[in-house]
Amino acid sequence: MALRFYNTLTQQVEPFAPLSGNVVRMYTCGPTVYNYVHIGNLRTFTFQDILRRWLQARGYQLDHVMNITDIEDKIIRHAAAAHQTIYEYTAKYAEAFLEDTDKLRLQRPEHLVKATDHVNEMVEAIQKLEQRGFTYLSDGSVYYRISKFPEYGKLSHNDFSGIRAGARVDVDEYDKADARDFVLWKAKKDDEPSWQTPIGDGRPGWHIECSVMAMKYLGETLDIHTGGVDLTFPHHENEIAQSEAITGKPFARFWLHAEHLSIEAQKMSKSLGNFYTLRDLIGMGYPPEVVRYLLESVPYRKKLNFTMDGLKAAATSIERLRNYKLRLETDKFPAGTNDNLIERTQKATQAFDEALDDDLNTAEALAAVFEYTRDTNTAMDAGEFLTGNAISALEFLQHFDSIFDVLKPTAQTGGVNDEEVEAEIAKRDAAKKSRDFKMADQIRAQLAEKGVIIEDTKQGVRWKRQ
RNA sequence: GGCGCGGUAGCCAAGUGGUAAGGCAGAGGUCUGCAAAACCUUUAUUCGUCGGUUCGACUCCGAUCCGCGCCUCCA
């Protein structure tokens with residue numbers, strides 16, 4: 001079966017192909033940079049990375065836009081508290097965001113764009129909405145009139161016809177005609193950053209930036225729009241209302257939403273003290289790729305229970321695969337090729353690919369990898385695994401790692417270099433030959449302290465860094 | 001109240017009409033100077049509960065219990 005995704009819009013799994021050619025035009029709601037991103041944010045971004053990589057593996061080229069929200073209520077508040085401009089304040093966290101995603105090995109989108117660089121385009125979009133009669137003014141702010149857009153609610157599958165103005169407290173303290181209406185342009189307030197524009201002094205509302213930046217770089221109809229589930233309503237619903245009111249065309253063909261994660265079965269929150277950033281976890285001794293593995297091991301539409309036990313299990317699982325790779329690279333296999341095992345590799349590759357084609361079922365894809373490693377390890381023990389099989393096994397492993405990207409350890413600073421390790425191993429070999437096991441064990445222990453693990457195999461010593 | 005998701009072994013988790021993947025942890029074993037790695041055996045007669053449909057259900061239908069998300073900012 002071909003590549004397919006669950007589409008929130010239709011609530012169904014649908015075959016996917018881009019609208020034109022083999023370029024996938026995709027938009028992702030990026031971070032609001034008022035703080036370090038937390039592990040929940042990173043789950044969503046990791047899902048998008050898997051999505052990117054799998055689309056590429058299936059021969060598609062990506063044109064992917066991610067926004068960075070650098071103007072917004074919280075940012076204004078935090079920047080003011082820090083006595084900084086919003087630019088100074090957000091630059092730090094935007095940079096930190098990229099550091100974190102780099103550590104998690106997330107591919108960078110083709111376009112990483114800031115809201116504040118697109119205020120003019122947002123104003124133009126709002127003017128278009130005005131011309132088409134989708135807006136109204138209230139206290140100098142511009143609002144979107146949802147009653148003009150009958151399809152409102154089609155993404156979140158909510159029926160809003162029953163909600164009327166006054167049904168709920170207006171938190172913005174502005175007068176809205178309808179409780180559902182949202183702000184496109186906020187009138188200038190004292191002490192707040194603002195732009196002088198034809199639609200008045202003020203700043204953009206949150207929702208308009210994504211519509212504008214998506215369409216500027218990707219055109220009027222996107223192939224895929226992604227984000228966290230919580231954004232489905234109202235953010236994505238509002239994006240549709242804005243964009244489709246302007247163009248009269250479908251805004252995005254596929255809406256993919258990543259589920260949230262919980263921490264030890266509890267909602268992540270600062271008050272519970274279970275609010276983790278990647279930096280926190282690295283500080284606790286977990287390498288970034290371990291976090292990556294845990295985040296990608298649960299299919300993106302399933303809630304992920306993030307636990308310390310899970311992190312430890314992830315570390316062990318990666319270790320198993322790394323050991324397997326090391327064995328493939330260092331063991332000496334008999335010459336030739338076992339055709340049965342070549343077939344086994346093809347079967348594993350097929351299972352892996354089919355799992356990912358099926359709405360990115362990463363859990364099932366991993367199962368295919370582990371089953372294969374067990375079977376081939378068994379074949380190695382039985383002497384049935386030949387040189388030619390090692391080549392195809394490494395290719396399969398490479399295929400796996402081109403998506404999951406966990407086999408290469410994150411470089412540790414300090415430690416011993418390769419030559420020193422080899423020299424110590426030679427000394428230990430000599431000690432072993434003269435049956436001085438005490439000395440041999442001592443050398444092994446010393447290397448272990450430096451993060452180098454020594455293993456004796458039938459074909460000699462091999463080593464790895466921890 | 002509305003919309004939606006989920007409850008599968010100690011933990012994580014796949015499967016969604018044909019008789020329970022995979023990972024981690026645990027137990028026993030093989031190999032080894034000892035380790036490590038690897039492998040083997042073992043760990044759910046059962047998939048929240050109760051009914052129904054069916055030759056057959058974890059998978060479909062109904063009811064029910066529990067947990068969670070969204071419905072105002074939130075990945």
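**Entry 1: Glu-296**

I started in helix H8 (residues 288-297), where Glu-296 is found. A reminder to myself: this is a predicted model. Is Glu-296 buried or exposed? Its relative accessibility is 3%, and because buried means under 20%, Glu-296 counts as buried. Next I listed its contacts, skipping neighbours within four places in sequence: Thr-46, Ile-50, Thr-362, Ile-403, Phe-404 and Val-406.

**Entry 2: the cavities**

I then asked how many cavities of 30 Å³ or more the structure holds, and the count came to two.

Glu-296 turned up in the lining of the second largest cavity, along with Arg-43, Thr-46, Phe-47, Ile-50, Leu-295, Val-298, Pro-299, Tyr-300, Leu-360 and Thr-362. H1 and H8 are the elements that give two or more residues to this lining, and H1 has the largest share with four. I noted a volume of about 80 Å³ for the second largest cavity. By class, its lining divides into seven nonpolar, two polar and two charged residues. Where does the second largest cavity lie? It lies between domain 1 (20-258) and domain 2 (278-404), because both give residues to its lining.

For the largest cavity I wrote down about 120 Å³ of space. It is lined by 14 residues, and Met-66, Thr-101, Leu-106, Gln-107 and Pro-109 are the closest to its centre. Helix H1 (39-57), strand S4 (61-68) and helix H3 (86-103) each supply at least two lining residues, with H1 giving the most, four. I sorted this lining into seven nonpolar, four polar and three charged residues.

**Entry 3: the second largest pocket**

Back to H8, which with helix H9 (308-330) is listed as supplying at least two residues each to the lining of the second largest pocket. H9 gives the most, five residues. The pocket holds about 500 Å³ of space. Of its 23 lining residues, Pro-409, Thr-410, Gln-412, Arg-465 and Gln-466 lie nearest the centre. I counted eight nonpolar, eight polar and seven charged residues in the lining. Domain 2 (278-404) and domain 3 (418-465) both contribute to it, so the pocket lies between them.

**Entry 4: H9**

The buried residues of H9 include Met-308, Leu-311, Ile-318, Arg-322 and Tyr-324. What do the buried residues of H9 pack against? My list includes H8, helix H11 (362-381), helix H12 (387-404) and strand S16 (460-465).

Conventions:
Residues are numbered from 1 along each chain as its sequence is written. Chains are lettered from A and ligands numbered from 1 in the order in which they are written. This is a predicted model: local features need pLDDT of at least 70, side-chain atom pairs count only at pLDDT 80 or more; totals for chains, interfaces and linings use all residues. Side-chain values use heavy atoms; hydrogens and water are left out. Buried means under 20% relative accessible area, exposed over 50%, partly exposed in between (1.4 Å probe, protein chains only). Contact means heavy atoms within 4.5 Å. On a 1 Å grid over the protein atoms alone, a cavity is a set of points where a 1.4 Å probe fits but cannot get out, and a pocket is an open set with protein on both sides within 12 Å along at least five of seven lines; lining residues have an atom within 4 Å of a point. Grid points are joined across faces, edges and corners, and a volume is the space filled by probe spheres set on the points. Ala, Val, Leu, Ile, Met, Phe, Trp, Tyr, Cys and Pro count as nonpolar, Asp, Glu, Lys and Arg as charged, and the others, Gly among them, as polar. Domain bounds come from an automatic or database domain assignment.
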